[in-house]
Amino acid sequence: VTTKKHPNGLDYVEINTDLCQASIFLQGAQIDFFKPKDKAPLLWVSSADDYQPGNGIRGGIPVCWPWFGASDIPGFPQHGFARTSLWSLASVKMRNQVVDLVFTLAITEDNKQYWPHDTEVSVLFTLGETLSVSIVNKNNCDYDVNLTQALHTYFPIGDIHQLKATGFTGAKYIEFAKGPYPQEGDEVNFTRETDRVYTDLAPIQHLHTPEGTIEVARENSQSAVLWNPWIDKSQRLSRFNDEDYLTMVCHEAANVLEDQVRLAPGASHTLTTHIRWV
Ligand code: BG6
């Protein structure tokens with residue numbers, strides 16, 4: 001595990017073991033690269049992103065916390081403030097070539113304006129042949145705290161026209177790209193903008209790509225977001241090439257809508273995703 005500085009100033013941690021290679025930025029506790037040994041990378045990043053401090057990286061796994069999507073409060077940033085905040089590397093452990101890293105985010109005077117609650121949040125990475133990522137929340141207040149969150153994973157899928165995503169059939173979802181309106185029971189194919197929140201999705205899906213099959217699993221998450229911006233939205237997105245929608249899809253382990261995290265005083269919650277080639 002080595003600490004490095006990107007030419008544009010962002011600090012990151014590089015991991016190189018017998019099982020995998022990875023890099024994780026302190027800004028956002030954002031992993032942008034994960035490659036199991038002898039396999040292809042499992043995360044997608046736009047070549048249009050220039051890793052500027054202050055922006056989330058367009059790819060990897062942005063951590064959306066403590067709200068997902070637009071805030072109800074005018075001026076509050078989309079997808080929360082965690083992805084643009086500076087996190088601390090709190091611990092590194094290694095056993096049998098599997099590395100565990102924990103990143104923590106302090107609630108400072110700066111971000112208290114967005115989150116005045118006394119809670120603890122950390123992101124745990126377990127790096128082996130599988131990539132596991134968790135957001136761990138603990139409520140230290142003497143009142144209930146609710147939040148929404150997501151691990152906004154960008155997957156490299158080779159060719160969106162050939163992508164077959166399975167494990168979604170029959171699950172209820174709300175389509176926000178054309179709606180919002182609720183639907184259920186259709187097969188997933190990508191022929192237009194897709195921006196869906198699944199509200200009761202099974203814990204495992206598969207992305208069948210020309211390069212192989214990616215398994216995406218979730219724990220403590222009923223909800224998940226499936227997103228591809230397609231042609232028009234690609235042209236409006238920051239740090240995204242017009243053609244990028246052809247080679248990525250986001251499948252995000254989430255706690256949103258009715259599945260929001262409700263923390264009683266003293267309670268904890270851990271959202272986890274596991275990603276691997278199968
Ligand atoms: C997805 C949302 O999760 O994130 C989309 O469902 C949104 O609506 C996308 O466009 C990207 O958001 P951002 O803030 O990273 O451009």
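Predicted model: local features only at pLDDT ≥ 70, side-chain atom pairs only at ≥ 80, totals over all residues.
Visitor: Why does Lys178 count as exposed?
Guide: Lys178 has 10 C-beta neighbours inside 10 Å. Residues are numbered from 1 along each chain as its sequence is written.

Visitor: Where is Lys178 placed?
Guide: Lys178 is in the loop between β14 and β15 (181-184); strands are DSSP runs of E, at least two residues long, and helices are runs of H or I, at least four, numbered from the N terminus. Between the C-alpha atoms of Lys178 and Glu193 there are 8.3 Å, although 15 residues separate the two along the chain.

Visitor: What makes His208 partly exposed?
Guide: His208, in strand β17 (residues 204-209), has 14 C-beta neighbours inside 10 Å, so it is partly exposed. Apart from neighbours within four places in sequence, His208 is in contact (C-beta atoms, placed from the backbone, within 7 Å) with Lys164, Thr166 and Thr213. From His208 to Leu127, 81 residues apart in sequence, the C-alpha distance is 22 Å.

Visitor: How do you know that strand β16 is mostly covered?
Guide: In β16 (residues 194-198), five of its five residues are buried. In a regular strand the side chains alternate between the two faces of the sheet. On one side of β16 are Thr194, Arg196 and Tyr198, on the other Asp195 and Val197, and all are buried. In the protein as a whole, 39% of the 278 residues count as buried.

Visitor: What shows that β16 pairs with β19?
Guide: Two strands pair if DSSP finds at least two bridges between them. β16 and β19 have five bridges, in the antiparallel sense, and Val197 has Val225 in β19 as its bridge partner. Strand β14 (residues 172-175) is joined to β16 by three bridges, also antiparallel, and there Glu175 is partnered by Arg196.

Visitor: Which residues are around the ligand?
Guide: They are Gln78, His79, His152, Asp195, Val225, Trp227, Leu237, Cys250 and Glu252, where the C-beta atom, placed from the backbone, must lie within 6 Å of the ligand. At least two residues of this shell come from each of β19 (223-228) and β20 (248-255).

Visitor: Why are β1 and β4 called edge strands?
Guide: Four strands form an open, antiparallel sheet in the order β1-β2-β3-β4. Its edge strands, β1 (2-5) and β4 (30-36), each pair on one side only. β1 has four bridges to strand β2 (residues 11-16), where Lys5 stands opposite Asp11.

Note on methods
Buried ≥ 20, exposed ≤ 12 C-beta atoms within 10 Å, placed from the backbone. Contact = placed C-beta atoms within 7 Å.
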